[in-house]
Amino acid sequence: MPGNPYLPLDVRVEKVTVENDAKDLKTFDLSFVDASARTAFEFIPGQFGFLSIIGTGEAPFGIASAPSEEFIKYTVKRVGGFTTALHELEPGTVIGMRGPWGNSYPLDLMQGKDVVIVSGGFSFTTLRSTIVHLLDPKRRPQFGKITCVYGARSAGELLYKDEIKAWESSSDIDLHLCVDKLGSDPWPRTEGLVPNVLKQVAPSSKNAIALVCGPPIMIRFTHPVLEALGFRPDDVFLSLENRMKCGIGKCGHCNLGSKYVCKDGPVFSYSQLRGLPAEY
Amino acid sequence: MTQRVITADGLAKLVTEWAKKGAVYAPVKAGSKDWTEFRRVTSLKETDFSRVNTKQSAKGLLFPQREVMLRFKDGKSEEPAAPEEQVILGIRPCDAAAIAFQAKFFTGQGQTDPYFKARLDRTTFIGFACNTPAETCFCTAVGGSPSGTRGLDLLLTDIGGKYLAEPVTDKGAALIADMPDPAIGDLERKLAEKCAEQMPQAIDTAALKRRLDSGFEHPVWDELNLACVNCGACTFLCPTCHCFDVTDEERKGRGARIRVWDSCQFCIYSQHASGHNPRQTARSRYRNRVMDKFKYTVDMVGELSCVGCGRCIIECPAGIDVRETVEVLTRQLPEAAEKK
Amino acid sequence: MSREEALRKRARELLESKQVVMVVGHRAASTKGKAQPAFIAKPEDAESLIFDETCGQNLAGHLLKVKHLGKIAVVTKGCDSRSILVLLKEKQLDRAQLHILGVGCEGVKEDGKLSDSCITCEYPNPIVCDEMLGEPAPGDRLQTLNPKPQTGELTSDERWRELSEDVSRCIRCYACRQVCPNCYCPVCFVDASQPALVGKTTELSDNMVFHIMRALHMAGRCVECGSCARACPMGIDLMKFNRKAAQIVKERFNVVAGVKEDDAPALTVFDPNDKQEFIR
Ligand SMILES: Cc1cc2nc3c(=O)[nH]c(=O)nc-3n(C[C@H](O)[C@H](O)[C@H](O)COP(=O)(O)OP(=O)(O)OC[C@H]3O[C@@H](n4cnc5c(N)ncnc54)[C@H](O)[C@@H]3O)c2cc1C
Ligand code: SF4
Ligand code: SF4
Ligand code: SF4
Ligand code: FES
């Protein structure tokens with residue numbers, strides 16, 4: 001069947017990185033077994049792919065690498081059957097991947113504007129992709145000020161620690177890291193929940209776009225803060241994770257009313273979401 | 001295209017011929033049970049067109065309840081072989097319209113589903129017009145007709161031991177090219193009109209859609225679903241329902257990735273791995289099914305996904321009738337203000 | 001006053017005097033020969049209540065959906081009352097929050113024929129009730145209409161063949177499970193994903209595992225109301241499994257589900273003097 005969208009392509013696990021103290025978050029760097037497939041795999045930050053282990057199943061994950069990076073990167077939390085099997089993989093193993101699926105963050109709309117990135121927990125993945133993409137020296141001048149508030153339960157739970165430490169001292173991005181509870185570690189220095197920290201940082205909403213990705217509870221408390229800062233519903237974008245089986249608008253699982261999160265999302269503006277059932 | 005008349009003998013010969021070239025599926029009495037099912041046949045003798053509709057619709061012939069997507073052995077995977085050519089004989093106009101809806105859904109709006117497409121491309125649809133509706137039929141209320149030709153290649157109408165054959169596509173015309181020309185004029189249409197007269201009035205589906213557009217949060221849903229037990233009977237028997245789950249089966253290094261029908265009425269259908277479930281309540285799942293039929297698919301592909309076959313009414317263990325649901329919604333939901 | 005009139009009158013009185021918040025009963029469905037569970041909260045709606053041979057649904061399970069509302073009156077024939085007793089013993093219902101409106105049952109019909117489980121029913125009258133409406137049904141009439149089905153006398157090969165033929169028709173719609181008053185597990189074994197216990201396809205092996213496991217889960221709890229068999233769109237006689245299990249439970253433990261208020265459920269008690277070797 002030509003162009004069968006359900007057919008995974010072979011990818012090799014190049015590197016596995018344990019991201020957190022609890023060891024239930026691992027980042028997988030993947031390369032295509034058929035190298036030419038890498039060029040064909042064109043994606044934009046915010047899109048996702050399905051990883052597949054034959055005989056075990058498949059599941060959707062947000063792409064954490066930027067388009068310019070060599071390897072395709074995913075950060076996966078071990079939660080159930082498939083993700084447990086994934087966590088057991090050794091470098092060198094060949095698995096399957098299909099995609100990229102879904103829309104992306106609104107890069108065109110962000111041109112010439114300030115960008116405010118708000119994220120909590122391990123949903124930082126596609127926002128890492130976005131930040132790496134925006135910070136590319138060739139691309140950086142196209143955007144205004146980039147502010148990011150990123151938080152986790154504790155320091156050990158923050159993803160991509162080396163990278164974010166480097167971003168903290170970069171003038172290209174104003175990064176605010178926070179944790180629910182400060183530990184003995186002197187890093188990071190801010191204690192507090194993401195919405196509260198966002199309130200203190202108070203980025204300007206003038207000519208700005210906000211990108212939000214995190215657990216439902218964080219999303220719920222973040223929105224009033226953005227609203228108070230003057231962000232219009234058209235300028236706030238959320239990335240959703242409904243249950244998915246196909247990724248291409250056929251299996252029905254991910255619907256939000258008349259929209260499929262896999263095909264019409266996963267990124268929706270807040271004004272779009274207001275017109276849809278809150279079934280996410 | 002020229003209509004023809006086929007005698008019972010003529011049809012019997014055609015069926016035998018088709019069966020030599022590929023698979024022919026037609027309604028057959030289901031053993032000791034009091035209903036008919038689509039089964040593979042080799043002669044007209046095996047068929048039974050006496051029921052208006054088969055227990056399960058013909059949807060499984062294009063979208064099987066269990067379909068192999070990939071087979072694997074020792075770490076290598078391959079796609080399944082292309083499906084066989086098939087003739088579906090005796091499909092009722094509502095079921096054919098349902099497959100036309102599914103075709104739009106599976107092959108349109110973005111990606112094409114290759115498994116559905118492969119079967120669709122190899123299927124010939126020979127419909128059977130209905131002369132007498134069942135008590136639960138309401139195709140005319142949702143835009144269909146007992147002699148509707150949508151999705152068909154050829155429509156047959158029983159005119160008393162003989163069949164009036166109306167080609168819809170070139171493929172259908174070619175099937176009966178050798179048959180004699182009829183001298184009878186509008187008999188078929190008369191039969192159809194007579195059948196349609198016995199059916200309920202049209203539902204104002206456009207008005208219903210406008211009401212559903214703003215009726216998601218309305219308290220009417222609190223009462224409507226109470227009797228519903230959230231089983232999958234209505235969705236599995238519905239000819240338009242298309243949801244599926246994907247599952248891997250493996251034993252000793254061999255196995256397959258398989259898709260199986262799924263139902264939005266099941267609790268785990270929408271449950272995230274975290275345990276969070278956006279449609280935790282029975283009420284929200286019932287609402288999703290009704291909304292999907294009369295609003296969501298209208299937004300998505302421009303048409304309702306109920307063809308009025310009545311299967312969900314016949315089989316609902318809780319005695320729920322979709323016609324009544326629609327009536328209550330139309331009566332109780334306020335009409336939305338015109339969108340600017 | 002007919003039984004139906006008495007039923008409507010009492011339902012209205014109970015609602016008007018606010019002794020109950022809802023009456024759960026039956027009303028006529030729009031299709032001939034079918035009834036629908038009715039959830040009556042307004043006194044004037046009591047007029048729609050019916051009780052006749054179309055009222056085959058076991059209402060006990062529906063109580064679980066509305067018990068949070070307050071005290072509920074429920075129209076209860078023999079088998080419903082047995083299910084209520086099982087649910088009371090399993091601590092799913094609170095007797096003080098129920099008002100049981102007893103009705104004698106002459107048997108329910110499916111497609112115009114008396115349902116098999118009604119032919120063999122030995123308890124057409126409620127075992128527990130707060131009041132009886134109309135005359136009790138003659139207790140021994142039904143079982144003499146027809147001899148009991150003879151499944152027990154088949155050889156095991158014949159039995160397997162017959163059950164396989166039945167079960168191969170199953171489309172896994174779970175109507176049988178969903179209408180069953182005693183199937184209320186928050187996560188059913190067929191839905192468990194870690195590990196997945198039952199295959200999701202309609203292959204005979206998957207179907208058989210589902211049905212055998214369900215029958216085992218129902219052993220000692222199934223009250224033989226026949227709701228599952230009547231609900232099945234594919235005409236599968238699920239009572240072949242359930243009757244056999246009930247028969248074994250009766251022989252081994254001398255327990256019949258839901259016929260006594262004070263006995264213990266057969267398979268959920270631990271007794272050091274248990275005859276069964278394996279339990280010790
Ligand atoms: C667009 C999108 C992006 C995602 N990105 C990430 C990511 O970057 N990192 C990450 O760790 N997780 C991500 N997830 C969630 C991830 O897909 C689930 O954690 C994963 O499917 C769980 O599979 P399991 O078999 O281990 O869990 P189980 O609990 O065993 O799941 C059982 C079944 O439910 C399905 N399932 C459960 N929840 C989901 C879900 N939310 N989406 C799809 N299928 C589900 C699984 O496929 C499986 O078949 C994302 C989900 C979506 C929809
Ligand atoms: S409407 Fe009827 S058939 Fe459909 S889920 Fe509810 S109880 Fe089952
Ligand atoms: S919703 Fe019911 S009547 Fe309509 S097409 Fe589906 S099964 Fe038939
Ligand atoms: S109701 Fe019948 S078809 Fe549905 S799951 Fe039960 S046995 Fe199978
Ligand atoms: S994942 Fe299948 S429709 Fe969205």
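User: Where in chain B is Ile203(B) found?
Analyst: This is a predicted model in which local features need pLDDT of at least 70 and side-chain atom pairs count only at pLDDT 80 or more, whereas totals for chains, interfaces and linings use all residues. Residues are numbered from 1 along each chain as its sequence is written, chains are lettered from A and ligands numbered from 1 in the order in which they are written, and side-chain values use heavy atoms, without hydrogens and water. With helices (H or I, at least four residues) and strands (E, at least two) taken as DSSP runs numbered from the N terminus, Ile203(B) is found in the loop between α5 (187–197) and α6 (205–213) of chain B.

User: Leaving aside neighbours within four places in sequence, which residues is Ile203(B) in contact with?
Analyst: Ile203(B) and Gly143(B) are 60 residues apart in sequence, while their C-alpha atoms are 8.7 Å apart in space. By the contact criterion (heavy atoms within 4.5 Å), and with neighbours within four places in sequence left aside, the partners of Ile203(B) are Ala141(B), Val142(B) and Val326(B).

User: Between which chains does ligand 1 lie?
Analyst: A residue is near a ligand when one of its heavy atoms lies within 4 Å of it, and 26 residues surround ligand 1 in this way. The closest of them are Pro60(A), Thr75(A), Lys77(A) and Thr83(A) together with Ala273(B). Ligand 1 therefore has its place, by the within 4 Å criterion, between chains A, B and C.

User: Which element gives the largest share of the shell around ligand 1?
Analyst: In chain A, the elements β4 (57–62), β5 (72–77) and α2 (81–87) each supply at least two residues of this shell. By class, the shell has 10 nonpolar, 11 polar and five charged residues, where Ala, Val, Leu, Ile, Met, Phe, Trp, Tyr, Cys and Pro count as nonpolar, Asp, Glu, Lys and Arg as charged, and the others, Gly among them, as polar. The largest share, five residues, comes from β4(A).

User: How far is a nitrogen atom of ligand 1 from a polar backbone atom of Thr75(A)?
Analyst: For polar contacts, which are pairs of N or O atoms within 3.5 Å, an oxygen atom of ligand 1 is 3.2 Å from an N or O atom in the side chain of Arg243(A). For the nitrogen atom of ligand 1 and the polar backbone atom of Thr75(A), the distance is 2.7 Å.

User: What area is buried between chain A and chain B?
Analyst: The contact takes 34 residues from chain A and 43 residues from chain B. Buried area is the accessible area (1.4 Å probe) that two parts lose on being put together, summed over both. Carbon and sulfur atoms give 56% of the area buried between chain A and chain B, which is about 3300 Å².

User: How many salt bridges are counted between chain A and chain B?
Analyst: A search of the whole structure finds 52 salt bridges over all chains. Between chain A and chain B the count of salt bridges is four.

User: What is omega for the peptide bond from Gly265(A) to Pro266(A)?
Analyst: Pro266(A) lies in the loop between α8 (261–264) and β15 (267–269) of chain A. A cis peptide bond also joins Gly99(A) and Pro100(A), with omega about -10 degrees. The bond from Gly265(A) to Pro266(A) is cis, and its omega is near 10 degrees.

Definitions and conventions. A polar contact is a pair of N or O atoms within 3.5 Å; within protein, one must be able to donate a hydrogen and the other to accept it, and residues adjacent in sequence count only if both atoms are side-chain atoms. A salt bridge is a side-chain nitrogen of Lys or Arg within 4 Å of a carboxyl oxygen of Asp or Glu.
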